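These are my notebook entries on a structure that I looked up residue by residue. I record what I checked and what I found.

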Amino acid sequence: MIDMQRDFLEPGGFGAALGNDVSLLASAVPPCQRLLATARRAGLTVLHTREGHRPDLADAPPAKLLRAPPGMRIGDAGPMGRILVRGEAGHDIIAALAPAPREPVIDKPGKGAFYQTDLELVLRNRGIDTLLVAGVTTEVCVHTTVREANDRGLRCIVPGDCCGSYFPRFHAVALEMIAAQGGPGGGIFGWVTTEAAITQALGEAT
Ligand code: TIU
């Protein structure tokens with residue numbers, strides 16, 4: 001579950017600081033709730049990621065800090081605490097999709113969930129070779145994570161209705177890109193499906 005954080009889904013966070021209409025991400029929340037329930041029922045490992053930085057911002061590249069206007073940058077004070085800073089209220093995952101006890105939370109400084117994190121180690125330790133990747137935003141952190149996973153030999157299945165973007169056309173084309181140039185063995189980056197299809201398949205398998 002990628003970056004379902006208040007900083008992206010609620011007003012006053014990083015997503016809004018970049019000029020986005022955060023309400024566009026709300027439609028992904030109910031399907032994500034159903035997907036989490038399915039995964040937990042089936043006994044799958046559930047992992048959550050959060051994009052954010054150290055309070056001293058030592059892990060935040062200057063090029064990323066300068067992206068938003070002054071006063072709305074990473075580390076600046078927002079209505080939910082310092083924007084995109086670990087430990088602040090806005091950095092946390094929305095209550096509707098809160099991690100359950102013992103579900104690992106991967107804190108990442110970048111868009112991809114593998115860059116400068118221990119995600120690859122966690123997956124290897126658990127023998128995981130296939131990922132269901134959901135969350136926000138489709139063409140940014142979901143896509144970057146799928147690309148990183150694909151290059152590491154992992155299979156990626158993306159339920160499109162469990163993803164969301166501030167740009168509906170980017171969401172649509174990002175999903176198309178994952179499934180393009182493929183056959184029965186999957187598209188160039190993986191497979192695209194729906195929460196309902198995953199819930200049905202896992203229900204039949206368990
Ligand atoms: N801005 C935007 O669309 N996304 C991000 O900055 N991060 C994630 O996608 N999580």
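I call a residue buried under 20% relative accessible area, exposed over 50% and partly exposed in between, using a 1.4 Å probe and protein chains only. The model is predicted, so I note that local features need pLDDT of at least 70 and side-chain atom pairs pLDDT 80 or more, while totals for chains, interfaces and linings use all residues. Residues are numbered from 1 along each chain as its sequence is written, and side-chain values use heavy atoms, with hydrogens and water left out.

Entry on Thr49. I found Thr49 in strand E1 (residues 48-51); helices (H or I, at least four residues) and strands (E, at least two) are DSSP runs numbered from the N terminus. Is Thr49 buried or exposed? Thr49 is buried, as its relative accessible area is 5%. I looked up its contacts (heavy atoms within 4.5 Å). Beyond the neighbours within four places in sequence, Thr49 touches residues including Met1, Ile93, Ile106 and Ala113.

Entry on salt bridges. I count a salt bridge where a side-chain nitrogen of Lys or Arg lies within 4 Å of a carboxyl oxygen of Asp or Glu. By this rule I recorded twelve salt bridges. In one of them, Glu103 pairs with Arg40, with 2.7 Å between the closest N and O atoms. This pair links distant parts of the chain, 63 residues apart: Arg40 belongs to helix H3 (residues 29-42), and Glu103 to the loop between strand E3 (81-82) and strand E4 (105-108). I noted Glu103 as buried at 13% relative accessibility and Arg40 as partly exposed at 35%.

I next looked up Arg50, whose side chain meets that of Asp92 in a salt bridge of 3.1 Å, N to O. Because Arg50 lies in strand E1 and Asp92 in the loop between E3 and E4, the pair ties together parts 42 residues apart in sequence. Arg50 is buried at 18%, whereas Asp92 is partly exposed at 36%. A network of salt bridges links Arg50, Asp92 and Asp107.

Entry on aromatic pairs. Rings of Phe, Tyr and Trp (its six-membered ring) pair if their centres lie within 6.5 Å; planes under 30 degrees apart are stacked, over 60 edge-to-face, and the rest tilted. I found two such pairs. Phe8 and Phe14 are edge-to-face, at 6.0 Å centre to centre and 80° between the planes. Phe8 is buried at 7%, and Phe14 is buried at 4%. Phe167 and Phe170 have ring centres 4.7 Å apart and planes at 35°, so I recorded this pair as tilted.
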